[in-house]
Amino acid sequence: MHIEQIEENVRHLLLNSNQQSFIYDLLLAYGKPKTSVSRLQSTGPGSYNLSKVPGQVLWKKTVLYIPTAESDLHAKLEEALSSQAVSRNQPRFIIVTDFNDLAAIDTCTRERLNVPFVELPNNFAFFLPWDGREKDLPIKENQADARAAEKMAKLFDILKVDNPANDPESNHALNVFLSRVLFCFFAEDTGIFDKDLFTLKVKGHTLEDGSDLPSYLTTLFRVLNTEDRSKVPSYLVEFPYVNGGLFSDEHPVPKFSKHARSILIECGAELNWSEINPDIFGSMIQAVVDVDKRGSMGMHYTSFENIMKVIKPLFLDDLNAEFERNKNNSKRLHELVLRISKIKIFDPACGSGNFLIIAYKELRKLEMEIFKRLDEINKQSDLGMSGVRLSQFYGIELDDFAHEVALLSLWLAEHQMNLVFHERFGRSEPTLPLKPSGNIVCDNAASADWRAVCDNTMPDPVFVLGNPPYLGARNQTREQKEDLRQAFNDHEDHKDSDYISVWLLKASRYISGHNSSFGFVSTNSICQGEQVSYIWPRVWNEGLELHFAYQSFKWSNNAKRNAGVTCVIVGVRNISNAPKTLYSDNIKTTVANISPYLTEGSNICVERTSTIISDLPVMMIGSMARDGKQLIMLEETKDEILAKYPQAQPLFKRLTGTNEFISGVFRWCLWIEDSQLELARSIPPIAKRIDAVYEFRMASSAKTTNQYAKIPHKFAQRLFKNQHSIVVPATSSERREYIPVGYLEPGVVITNSANAIYDASPFVFGIVSSKMHIAWVRSIGGQLETRLRYAPEIVYNTFPMPKVKEETKKAIAKAAMAVLAEREQFPDKSIEFLYDPDTMPVSLKCAHDRLDREVDKVFRAKAFETDQERLEFLFKLYERITEAEVA
DNA sequence: TATCCGACAGGTC
DNA sequence: GACCTGTCGGATA
């Protein structure tokens, strides 16, 4: 909608609306869809209005509207702003009005509006975000980078077509060529060369058909590598001596077509390379070279924000604190400058070098602050140039092109910092000739000797950092499995560990006993569920400890498509008395110890086990179909078959996984005994499905699945028993206070997306449903991103519980039955509704509270106040029980 | 046989 | 396109 139109709408509404419909008319004026607004206006089920207060309107993410008779609109607004409803539903605007005045706040930008009601049309722009318009949209930091990367991708594609060779040497030559050209573009836009020198020369000196471009560029690159200027041909004399290794070896320059030449010139002429961030651009350009990675361009480069989360606690905060402490001590500041010049930074999975580049820039920035301070306190300062050298930066990268780009980007970063330095202090070292770049090695970090790349046996500190590759155990290549096997010294734990474990274990051995520490961005999987006991005891064995950590946060960067993973940051050092810091949602807490689950607590790891450490009955995972979507179907599909073939009735069973149980919409499955196979085969649509299962299982890459092709009429894993069952969701939303557990009639098949206890008492239902148990699941269980994951061998078999007296069991069973009875009070509501924290009925909540109190009594007489209390108790108990077992 | 996980996957607003 | 929440089957014991 046009802005003028919106303004007109708002003026119109003021004349024609009444108080009852004002908010709806206002939303319509900004182009909100009629259907949505009428759902907002409606009452009862399906309404968008989440407010429980009559007259008020709360539309998730959009608005909280409060009409009031009170005169103090401002107070009302503040009250609303801090309410739970607002923090939970995050309405973009809060509007309070008595129809004389109107007060509003934009909860995103914190802008406020306070105007007489009739003045609304003159302030209509305030609510434009409803229409998707932001007032001052910050320019996305990577726009220039993305444009440049796309242009380079185009050039790269054409060169590939014109130069089809695909051997490692030609690929390397092309990689080197691209990095040299990138340098030239950058150089001509940032003052290393004269303005536009490279582009103008190429345009003016070479033939339009591109035929002489290779020989021209070969000569030019040679000139850039020639110190003795007397040997330079006169037409290239404006180009300076560059060196630094970038142009030192001769590699063949690819052939150019007319089209390729024109794109090369466009790259130089149309893009402003001075706007490029070497840190991010490197990752973008790296993706260009790997055509398979184009779709996920830049997906795995670490954002500036996340890099800072590693760098600050790893070393920068300390340096800053040292600076602050000694602001008036010239001697100490000089020492600090010296100290900075001796630090080594090592990224053993450096990609195109963005961690190293940002670390470099941050150290230069701090150094400049110190210089500035020294200039202030010493009238005559004798400071020279920067002491920070690119040679303090080390990296290992498997990909040849990425490693070339890393070297190049470090030079670009150095030049950028030199420009800043010059601006501030009026002096700087010349960028040319280039000094040695970082020590970036092209190798597999998983097998390379890190100490040979970066020696950390000297007294100077080495900080290891980075974002190594993550890959779950089921998705690893044979080579990656081999890397893991070696990192785990042949121990079988390697088989279920994420690929990043290689870096964690190698880094642990590397820093152990030396003046080193490490900080990695990692998948959060290493701090949950089964993997905890594989990795962390090995880290502690090296005499190490976690000294800072960020709890789970969603991966994000500015790439078009983001990787789907939730991350943590772990900082590990040799054991020390210095403080430890835990970060969550940017809240920083100093703690006594950081547990491997990244909570405040001791270093206990809960180990996966197939034996139950309490007296509870067996819980098993549900039945797994591996059917290629043939044996499981919706109710309507089953009914269609039955309408035509009523004799198929005994072949079907009701089926539930987690989703079915929680939403209340069960599916059906073909559950065919061998004795029924003939009947099944006689029904064409069923026979067809059985054949399709056969095909699917034969086509699978997994040998075990192939084997099940022999029984295509059956589920691959059949744990079903025709008994009452307790169903426990295997993956469920962390937003719920409880994991909803169900009690099912016999005859329902539970799938492998849920777990089952057959023929169990209400007492067991009570235990599994309790706060005590869920606190355990939350803290030590695995997670899918941040969903709760319930795996029997991790959270059920390990749940520590004292022997329970019969009398207590009865009380728990009674309270458990009361929870079930309370659910029965809402027969038309799904579990989803009943357990949504926004809609959970108070009576059900009370029934759970009573159950929780009964379960608490199993552990101690005094009721637990918080989950933290519960966990401390459980961990102590777990330790006692498992130690007793060992003894 | 039985299992825990996923630089996710798939539906909804 | 952001938000919400759990499928499905591999790899390995």
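Analyst: A polar contact here is a pair of N or O atoms within 3.5 Å; within protein, one must be able to donate a hydrogen and the other to accept it, and residues adjacent in sequence count only if both atoms are side-chain atoms. The model is predicted: local features need pLDDT of at least 70, side-chain atom pairs count only at pLDDT 80 or more, and totals for chains, interfaces and linings use all residues. Residues are numbered from 1 along each chain as its sequence is written, chains are lettered from A and ligands numbered from 1 in the order in which they are written, and side-chain values use heavy atoms, with hydrogens and water left out.

Start with the bases of DNA strand B. Pro468 uses a backbone N or O atom, 2.9 Å from a base nitrogen of DNA strand B. Gln717 places a polar side-chain atom 3.0 Å from a base nitrogen of DNA strand B. Strand E15 (620-621), strand E24 (783-784) and helix H27 (792-796) are the elements that give two or more residues to this surface. Helices (H or I, at least four residues) and strands (E, at least two) are DSSP runs, numbered from the N terminus.

In total, 34 residues surround DNA strand B. A residue counts as near if one of its heavy atoms lies within 4 Å of the molecule or strand. The closest are Ser525, Gly564, Arg718, Glu785 and Glu793. Of the atoms of DNA strand B within 4 Å of the protein, 54% are sugar and phosphate.

Now DNA strand C. It has 27 residues around it, with Arg474, Lys495, Arg626, Thr705 and Arg787 nearest. Lys481 has a side-chain N or O atom 3.4 Å from a phosphate oxygen of DNA strand C. A backbone N or O atom of Ser733 is 2.6 Å from a phosphate oxygen of DNA strand C. Thr704 reaches a base oxygen of DNA strand C with a polar side-chain atom, at 3.5 Å. Helix H21 (658-663), helix H24 (703-707) and strand E20 (731-732) each give two or more residues to this surface. H21 gives the most, three residues.

Three strands form an open, antiparallel sheet in the order E20-E25-E24. E20 and E24 are edge strands with a single partner each, so one side of each has no neighbour in the sheet. Two strands pair if DSSP finds at least two bridges between them. E24 and E25 (residues 787-789) pair over two bridges. Gln783 stands opposite Leu788 in E25.
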